[in-house]
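Let's take a walk through a protein model together. Keep the picture open beside you as you read.

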Amino acid sequence: MTGTCIELKNLEFQWPGATRPLLSIPQFTVQQGERLLLRGASGSGKSTLLSLIAGIHTPKAHQLQVLGHDMGQLSQRQRDNLRANEIGYIFQQFNLLPYLSAQANVLLAEHFSTARRQRIEQSLRASKLSSHKEQARQLLLQLGLSDSDITRPAHQLSVGQQQRVAAARALFGAPALIIADEPTSALDSEHRDSFIQVLFAACQQHNTTLLFVTHDASLAHHFERSIELTELNQVSQESL
Ligand SMILES: Nc1ncnc2c1ncn2[C@@H]1O[C@H](COP(=O)(O)OP(=O)(O)OP(=O)(O)O)[C@@H](O)[C@H]1O
Ligand SMILES: [Mg+2]
């Protein structure tokens with residue numbers, strides 16, 4: 001896929017019950033395949049913006065296009081389908097199912113998406129891997145988990161390990177867009193660097209767009225573009 005992945009035009013967002021808008025963004029475009037770092041102070045609205053792009057919350061019509069869809073005009077179900085098929089979301093709080101193993105958590109990504117299942121079938125034919133389970137295992141190994149970690153329930157893993165399971169789940173089935181909300185906050189520098197390398201290699205392989213939020217300014221040099229939310233948002237921090 002080529003062209004524009006995300007396009008915001010005069011996006012306005014206010015949480016229900018809030019006394020003022022949180023986001024007012026005149027223009028913001030991300031190209032397909034681009035790797036972009038988004039920074040901003042705590043509470044500035046980064047996770048809110050990501051949740052609008054991922055279709056978890058609803059913007060108004062004509063303000064936000066994602067992968068060619070006007071997110072304000074899709075139904076909740078259509079947005080859920082788009083996310084299941086085309087968007088890998090690494091949540092700030094991971095959202096793993098605690099009693100499923102790491103590997104079963106990764107396999108969940110295809111459970112809800114025919115499109116992902118089909119892409120996994122295709123990549124299995126092209127590789128020497130024997131099964132979906134084996135492909136999930138390989139992804140987890142690449143992210144630095146061990147075979148014994150992979151079969152343990154997610155709640156028994158460390159926070160940094162859970163973060164990597166969440167990343168594997170987002171990558172599984174090659175979605176067109178990866179949204180990563182502080183995905184390296186619990187990793188030491190060695191795991192952080194290998195995490196970034198695996199993430200970038202997977203994105204490059206499938207021309208996946210990567211929108212990555214972090215407080216860690218030292219990661220900026222890895223990215224083609226690095227922006228502050230305040231550069232985009234006309235609602236000033238002082239008024240929030
Ligand atoms: N579900 C919600 N309902 C109402 N207000 C919310 C909700 N989620 C976030 N907010 C408010 O929106 C503002 C921005 O929150 P958000 O989580 O987007 O910030 P953030 O930039 O991701 O911060 P952090 O770096 O701490 O993760 C905050 O004032 C928060 O209270
Ligand atoms: Mg946040």
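This is a predicted model: local features need pLDDT of at least 70, side-chain atom pairs count only at pLDDT 80 or more; totals for chains, interfaces and linings use all residues.

Residues are numbered from 1 along each chain as its sequence is written, and side-chain values use heavy atoms, leaving out hydrogens and water.

Start at the magnesium ion (ligand 2), which Ser47 (OG) and Gln92 (OE1) coordinate at 2.1 to 2.4 Å. Ser47 sits in helix H1 (residues 46–53) and Gln92 in the loop between strand E6 (87–90) and helix H3 (102–111), so the pair ties together parts 45 residues apart in sequence. Donors here are N, O and S atoms within 2.8 Å of the metal (3.2 Å for Na, K and Ca); water is not among the atoms, so sites may look incomplete. Helices (H or I, at least four residues) and strands (E, at least two) are DSSP runs, numbered from the N terminus.

Finally, the whole structure holds eleven salt bridges (a side-chain nitrogen of Lys or Arg within 4 Å of a carboxyl oxygen of Asp or Glu). One of them joins Arg225 to Glu34, with the closest N and O atoms 2.6 Å apart. That pair links parts of the chain 191 residues apart. Another salt bridge pairs Arg137 with Glu134; both lie in helix H5 (residues 132–142), separated by about one helical turn because they are three residues apart.

Terms used
Chains are lettered from A and ligands numbered from 1 in the order in which they are written.
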